[in-house]
Amino acid sequence: MITGIGVSPGISIGKAYLLHKQQATLTGILLLNDRDVAIETEKFNNAAALSISEVETIIAGYDTTTNSTEGLDILEAHIELLSDPQIKDDVIEKISKERKNVNDAVIEVIRDAVQLFKNMDDEYLSARAADVQDIGDRLLKNLSITAKTPTQQYEPDTIIIAEDLTPSDTISMDIIHVIGFATLVGSRTSHAAIIAKSRCIPAVVGCGEQLNSIKNNDMLILDGQTGQIIITPDQNTIEQYQIKRETWLAQTAQLRSLKDTPALTTDGTIINLLANIGDAGDMEQAIDLGAEGSGLLRTELLFMGRDALPTEQEQFEFYKAVAQKAKGKPVIVRTLDIGGDKQLPYFNIPAEQNPFLGYRAIRICLDRKDIFITQLKAILRASAFGKLKIMFPMISNIQEIRAAKAILEEAKEELIKVNLPFDKTLLVGIMIEIPSAAITADLLAKEVDFFSIGTNDLCQYTLAVDRMNEKIKDLYDPYNPGVLRLIAYVIEQGHKHHIEVGMCGELASDPKATLLLLGMGLTEFSMSAIAIPQIKNIIINNGLSAAKQVHQRVMKMDSSTAITAYLQEINT
């Protein structure tokens with residue numbers, strides 16, 4: 001048995017097909033004269049135009065009646081990437097100044113951009129590396145006529161085994177014959193994972209090198225819920241999983257009917273289910289899946305993939321588009337969270353020995369008031385078009401909150417002077433993701449309108465575990481009793497001081513944690529939109545009294561092993 005990360009539930013029983021991709025290689029050939037430069041530049045322009053045309057053709061034939069709009073939005077994002085002047089300028093510069101041939105120029109530019117995203121600790125942003133690689137592969141394919149490959153034909157009941165799959169691979173996957181896939185790398189927030197879930201293709205990612213033990217035509221059972229892959233199962237095991245598959249299909253049909261059902265516990269408590277998003281397209285998808293708004297709008301994407309800071313007007317249009325797509329539902333806008341793993345090429349942040357404990361997020365914003373006040377003014381202006389809230393990240397003490405709020409007041413005064421409208425009742429909150437903030441939640445609650453618990457960083461900082469470090473990633477454990485006690489304390493203090501408390505970290509989307517968090521008193525969950533139906537189903541079938549009993553029992557346990565075993569048991 002192989003265990004990876006189950007990212008798209010469902011059970012597949014079929015034969016393995018090992019998909020090998022040819023890696024692009026540098027030629028090292030340098031250009032000799034200006035004529036060569038002109039020829040290579042034209043090759044790039046033609047390849048970019050052809051690539052855009054190909055994606056537009058796929059969009060034109062995309063059937064939104066049978067496919068989720070996620071695939072369509074991703075394809076449209078690929079057109080934006082292919083049209084991005086920054087990528088073009090970087091490629092042309094390598095051709096004209098460094099005298100690289102177009103193949104090498106594209107490989108190097110795409111490689112650097114992919115690495116920029118991969119190095120980010122934010123799982124959502126890190127997963128965007130696959131989109132950049134995807135458009136790079138398309139460009140390289142179209143640079144050479146001979147590089148074009150025929151469409152792969154698959155046998156019925158095929159389970160694809162690959163190192164990785166691009167979003168295009170997943171969007172164009174033959175779901176008549178391909179019934180599941182597993183990859184060596186990958187994460188829950190990768191577009192391949194999201195599309196697999198939206199297209200109901202069972203998938204397991206992040207299996208590691210053990211996936212290489214699978215051979216072509218091996219009989220496999222793939223469980224996209226548990227992340228388990230069974231190699232060459234016996235007949236009795238196959239029959240057991242066939243029954244399990246039928247049960248899951250019946251449950252899935254029931255979940256799909258919950259879109260317009262309020263997330264109401266059996267004893268009448270309303271729970272707000274929100275979505276973590278990156279742009280207006282994500283907001284639209286979230287509403288379609290039943291989200292009651294967004295508990296986290298990441299603003300970093302607006303600042304990336306460009307050669308200069310976005311202007312106030314550009315930011316205003318971005319936030320306004322999200323607000324309008326939310327259709328009156330609340331959107332929490334997290335202010336700029338760069339530094340650490342999120343480096344901007346035009347924003348020269350000195351190298352640090354320990355960047356996650358260094359110059360980042362609110363620390364940069366308070367230091368660079370010019371950048372911060374520009375963003376705040378743009379958010380405020382957009383608040384006239386929807387129900388926006390502002391959230392400051394990486395807060396560690398009360399002085400940072402007061403300093404940030406003072407700059408926010410300056411931004412408001414500047415808008416009032418020029419008669420630009422904004423929501424004067426706009427709420428202000430902070431992310432609780434640093435232990436010092438969690439421990440002093442009673443003090444911080446007096447300064448803000450809401451808390452949002454970022455469990456990813458809170459867990460990382462509490463346990464002193466770099467979750468991107470392969471050697472110790474297993475120590476990253478949100479069910480550690482210390483982490484759970486901090487979460488419970490933050491919720492308790494929020495209620496005591498009559499402010500809203502939500503959670504936007506990965507734990508909010510974990511079904512095992514739902515009853516525990518409800519028992520702690522959490523009434524606002526924000527997650528990947530695709531996870532909302534399953535979490536809603538748990539909520540509407542349970543009451544707060546039972547959830548409180550779960551919480552009380554868990555708080556008496558002294559190990560995450562016992563806690564997760566218990567939570568797994570009550571959720572089966």
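I started with helix 1, where I found V37, E40, T41, F44, A47, A48, S51, I52, E54 and V55 buried (buried is under 20% relative accessible area, exposed over 50%, partly exposed in between, with a 1.4 Å probe and protein chains only). The model is predicted, so I note that local features need pLDDT of at least 70, side-chain atom pairs count only at pLDDT 80 or more, and totals for chains, interfaces and linings use all residues. Residues are numbered from 1 along each chain as its sequence is written, and side-chain values use heavy atoms, with hydrogens and water left out.

I checked the length of helix 1 (residues 34–60): its 27 residues should span 39 Å at 1.5 Å a residue, and the end C-alpha atoms are 39 Å apart, which agrees. The expected span is 1.5 Å times one less than the number of residues. Helices here are DSSP runs of H or I with at least four residues, strands are runs of E with at least two, and both are numbered from the N terminus. At the N-terminal end of helix 1 I found N33 as the cap, with a side-chain oxygen 3.1 Å from the backbone nitrogen of R35.

Next I looked at the cores. A nonpolar core is a set of buried Ala, Val, Leu, Ile, Met, Phe, Trp, Tyr and Cys residues joined through side-chain atoms within 4.5 Å. The largest has 103 residues, and Y319, F392, F451 and I487 touch the most other members. Helix 14 (residues 369–382) gives the most to this core, 8 residues. Apart from it I found another core, of 33 residues, which includes L31, V37, F44 and A47.

I then listed the contacts (heavy atoms within 4.5 Å) of F451. Not counting residues up to four places away in sequence, F451 touches I430, I432, A441, L444, A445, V490, G494, I499, E500, V501 and G502.

For the domains, I took the bounds from an automatic or database domain assignment. They are domain 1 (2–21 + 149–252), domain 2 (27–143) and domain 3 (273–542). The C-alpha centres of domain 2 and domain 3 lie 31 Å apart.

Last, I looked up D466, in the loop between helix 18 (455–463) and helix 19 (481–496). D466 counts as partly exposed because its relative accessibility is 28%. Leaving aside neighbours within four places in sequence, D466 is in contact with Q460 and I472. I also noted 7.6 Å between the C-alpha atoms of D466 and Y476, which are 10 residues apart along the chain.

Terms used:
Polar contact = N/O pair within 3.5 Å; in protein donor to acceptor, adjacent residues only side chain to side chain.
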